[in-house]
Amino acid sequence: MPKPSDLLQGTVDLLILRTLSREALHGWAISKRIQQLSGDVLSVQQGSLYPALHRLEQSGWIDSEWKDTELGRSAKFYALTPEGKQQLEKEVDSWKRLSSAVGLVLKKA
Amino acid sequence: MTPSRLFRVWRHRVRSVSDRDRLDAQLGQEILFHFEQLVHEKIAEGLALKDAQREARLALGNIPLLEDQCRDQRRIGWLHDLWQDVKYGVRTLRQNPGFALIAVCSLALGIGANSAILGALRTTLLAKIPFPDGDRLVLLRTYPEWNPALSNAASIPDYVAWKLQSRSFESMGASIADHSRDFGAEEDGRPAERIEGHGVAPSLFATLGVQPLLGRTFTEEEAEIDHPAPVMVLSHSLWQRRFGGDPGVLGKQVRLSGSNLTIVGVMPPDFHYPLEETEYWIPLGINRFQLQGSARYFEVLARLKPGVSVEQAQAEMDGIGAQLARDFPDRHKGWRIRVQTLRDVWYGWRKTPLATLEGAVALVLLIACANIAGLLLARGTARRPEIVMRMALGAGRGRVVRQMLTESVLLSLIGGALGTFVAWGALRAPLQMHPPLAGQRITDVVVDLPLLALLGLLSVVTGLIFGLGPAIACFQLDLAGPLKESTRSAGSPYRRNRLQSALVALQIASALVLLIGSGLLINSFVRLAGFDLNFDPTGLLTFEYRIPQQRYVHNVGVFQGAPYSAIDPSPTPAIQRVYEHLRAMRGPESVAGISLPPVNSLVLNSLGFSIEERPMPQSAEDRNAYRAVYFLITPNFFTTMKTRLLRGRDLNDFDTAAGSWVAIINETMARLFWPGEDPIGKRLMLEVVAGERPREIVGVVADIPTRRDRAEPQPVIYTSYLQQSPAYRGPIANMFGQMTFLLRTSGDPMSLVPEARSAVAEVDPDHAITRIQTMEQYWGGGMRDKRILAAVLGVFAFEATLLAAIGIYGVMAYSVAQRTREIGIRMALGASSHKILALIGGRAAILISLGVLLGLAGSLMLSRLIASQLWGIQPTDPATFTGVSLLLIAVALLACFVPARRAIRVDPTEALRSE
């Protein structure tokens, strides 16, 4: 299995917000989900995941709540706030612009 | 940012500070959960528990570091830094307790006093006029062209013309003090009582915009000329006191000073006009002669039309005044009209003393700031290695400056907190001030929220002001230099010294301004207190006995512009009976009476006179010089006052109406009118009135000051109360029916009051004695203001001098310490200690003289502001200026003494070896 590549600074926030857009998840589940959805290409290391979660929470984009997991263990679940949803849309837009721009450069150069 | 997000963000921030422990515990839990999931995953992949745990730990890396990184996301960096700065600041302050103590105390005094005075100024500016739309109320007063500082009320022709011709006002009303009236003793036991009231034009109530609580006010018909209706309106307090708040009081007839009046209305409890003590109102009783008169006794109040400014009204009144002067020159020529807001009259007087105080306390705060800034600068030098080290280690300049500012603001906040107590104490000063006539007392200054806010703001601003200089000095640091070299010769000491020197010169200058101000006040206070009164105020009881003037004063016309009255029936026998009864008292050593209080009387009667066998001067101005203050006295007056008789004799019981008429004059009158001559035996004629006879001067007495605020004595004529004509020309006809009695005792004067009261009641149960006070109270009452102001300024001046001394000591000590090496070299090369002293002293001399010159210049400009508070001394009094400057120079030199001695004791070998 190839080692999942490290992520660009800033894309972590985007991925976390996107992952949380369907349901509330705890940190472990977020990292697993990102890995899974990217077909094991992307992996968010704990060293950037948790600071990012705390930063997003302090910025008011996400909220947290202590809940029991299916296995009955208590964990900290994060969920998008209404402002977080808007922020996600903005970041998705700008990401699309960026990637299409990069794509254009790659195609034409 | 949306409000809900803002709220969320701030909730996190607050929690980050207040709920730190719980957040940290949760963070640990969160990471632990992740760790457990990792372990589970590894076990699922087939590892043993132990191996799984090891793998998981490896995968997670440095857990405390991860937790730290998470914690760093909490947005409380600035708070954390602040807390660190404060802790650090407290620590540095505690290392220099002496510095901290001086700084905090002077700041507490400066900030507290400033807040108090500014608070008092604020309430003065915001003070509400207690009438609807009170800011449209103006007083219309007159003043003579030759002295615009004077302020007179209006005459009836003024009032009538103004009311008829002006367009600026919605309505206009006039009032005049009614001569106090007496309720007689009632059968049900209520004692006789004297009350003060005013005659008012019916339109006055409408002008003020107030409605009575009960009944009505007056109709225009009730103020008919010559025949005012016998009706009255009661104040709320009088209604409560005398009538028990009986709602059936309307329509009741009361007997007041011998006339029957019907009560038609009661005013609401908060209505006081024109004076606080006005307790009843009657219709303005104008007589036919007053319509032509020029006596200016009527207070005219008007309400500006909406949208009309005071300036517009003033312009209109200027025109009306000029027209009146052209039409009726003998009445109005030389007089102008002044439109002044009621607010200004009531509260304006506070501005000058408050501004004086504010100037003083602002200077104290300025000195404190300069002082602390100087100390911080000096300390900054000592701390330079520390600061340079911190900057070299990566601290931003902003961060270092912020830390230094935190320290200074911390100092000033502690000072401000203590200053609350100072403010609380200092607020008592404005409450003690005596308003002039018609001014309102200050009663509404308290420590309230706005004042505390002001205090806090002042503290922070102060801290920033004195902290900024030293903090900016950090920017001028050469980073590389100080680390390499030793700290002593580093940086730019001269620039720093210049700033420090300027601060010291500023302190000396400000201290001198304060010292001169308080010196002038103290000087005039001492003059006033030690002023030869020419009478002995201790052991004298004074009170007034008065027969209502309605009983005996009959206005019969106007003669040469002044009211002419018949005095009939003469009140003299009644007064004589009271006097005889008082003389029969056992308590007092001697008893005498005088028509108006001999000192500090609110009204003084002056009279024109001529001298027998001396022609009157032709010009009106020179003729005006033939005027003197005029008093009626009983025998024994000068004995009772203990006033020296310089020549001739006192009045005695043989000076009766039937005997030859005599007069006693004061020293000033003798000097002015008979220079180098003996006035005894010369004869005077008082202003021509029917029945007046020439009076022979039989005595000359020392000057008794008529006014406490006037150092220059006026000429005074005293005559016997028994030798009076039955006619009088002048405004104060009521002086014939009143006496201020003086009772001298060796004991407590107030102990005579019950006996005196019953002695008078035996003769006249209907007229109680009033204005009972000792002569010391009479004379000293107004001295208190001067004493308080002088004392307050004195305290500030002392503080300022002390601070300036500390400042100059600091800068000299620092400069000596800095130049130790230089001094050592000079001494090693053979410089004498004189030379060294000259070197050090020269700098001190420059600083001190610069400061003193600045201070003198400032004082010359500022001392005029307290001119009105001075007595018998010029605001530029050379003696005070010189004396106080010398005092300050001496103190400053003393402060230089220790550093200078240290300089000449420098051991050259030691100094050279030290680097």
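## Confidence in chain A

Chain A of this predicted model has an average pLDDT of 85. At least 70 is reached by 91% of the residues. Residues 1-6 of chain A are another matter: pLDDT stays under 50 there. For this stretch the model has 9 contacts beyond four places in sequence.

Chain A holds an open sheet of 3 strands. The strand order is E1-E3-E2, and the pairing is antiparallel. Strands E1 (25-26) and E2 (62-68) form the edges, each pairing on one side only.

Strand E3 covers residues 74-80 of chain A. E1(A) and E3(A) run antiparallel to each other and share 2 bridges. One residue pair can be named here: A:His26 has A:Phe77 of E3(A) as its bridge partner.

## A nonpolar patch on chain A

Four residues make a nonpolar surface patch: A:Trp95, A:Leu98, A:Val102 and A:Leu106. The patch area is about 400 Å².

A:Trp95 belongs to helix H4 of chain A, which spans residues 82-108. The relative accessibility of A:Trp95 is 36%. Buried requires under 20% and exposed over 50%, so A:Trp95 counts as partly exposed.

## Cis peptide bonds in chain B

Most peptide bonds are trans. Chain B has exceptions at two prolines, B:Pro274 and B:Pro569.

The bond from B:Tyr273 to B:Pro274 is cis, with omega near -5°. B:Pro274 sits in the loop that links strand E9 (259-266) to strand E10 (280-283) of chain B. B:Asp568 and B:Pro569 are also joined by a cis peptide bond, with omega about -5°. B:Pro569 lies in a loop too, between strand E15 (562-567) and helix H20 (572-583) of chain B.

B:Arg771, by contrast, is in a strand: E26 of chain B, residues 770-774. The phi of B:Arg771 is about 50°.

Most residues other than glycine have a negative phi. Is B:Arg771 buried or partly exposed? The relative accessible area of B:Arg771 is 45%. That value lies between the 20% and 50% limits, so B:Arg771 is partly exposed.

Methods:
Residues numbered from 1 in each chain as written. Chains lettered and ligands numbered in written order. Predicted model: local features only at pLDDT ≥ 70, side-chain atom pairs only at ≥ 80, totals over all residues. Heavy atoms only, no water. Pairing = 2+ DSSP bridges. Helix = DSSP H or I, 4+ residues; strand = E, 2+ residues; numbered from the N terminus. Patch = residues over 30% accessible without salt bridge, like charges linked within 9 Å, V, L, I, M, F, W, Y side chains within 5 Å. Areas by Shrake-Rupley, 256 points an atom, 1.4 Å probe, with all protein chains shown as cover. Salt bridge = Lys/Arg side-chain N within 4 Å of Asp/Glu carboxyl O. Buried < 20%, exposed > 50% of the residue type's maximum accessible area, 1.4 Å probe, protein only. pLDDT = per-residue confidence, 0-100. Contact = heavy atoms within 4.5 Å.
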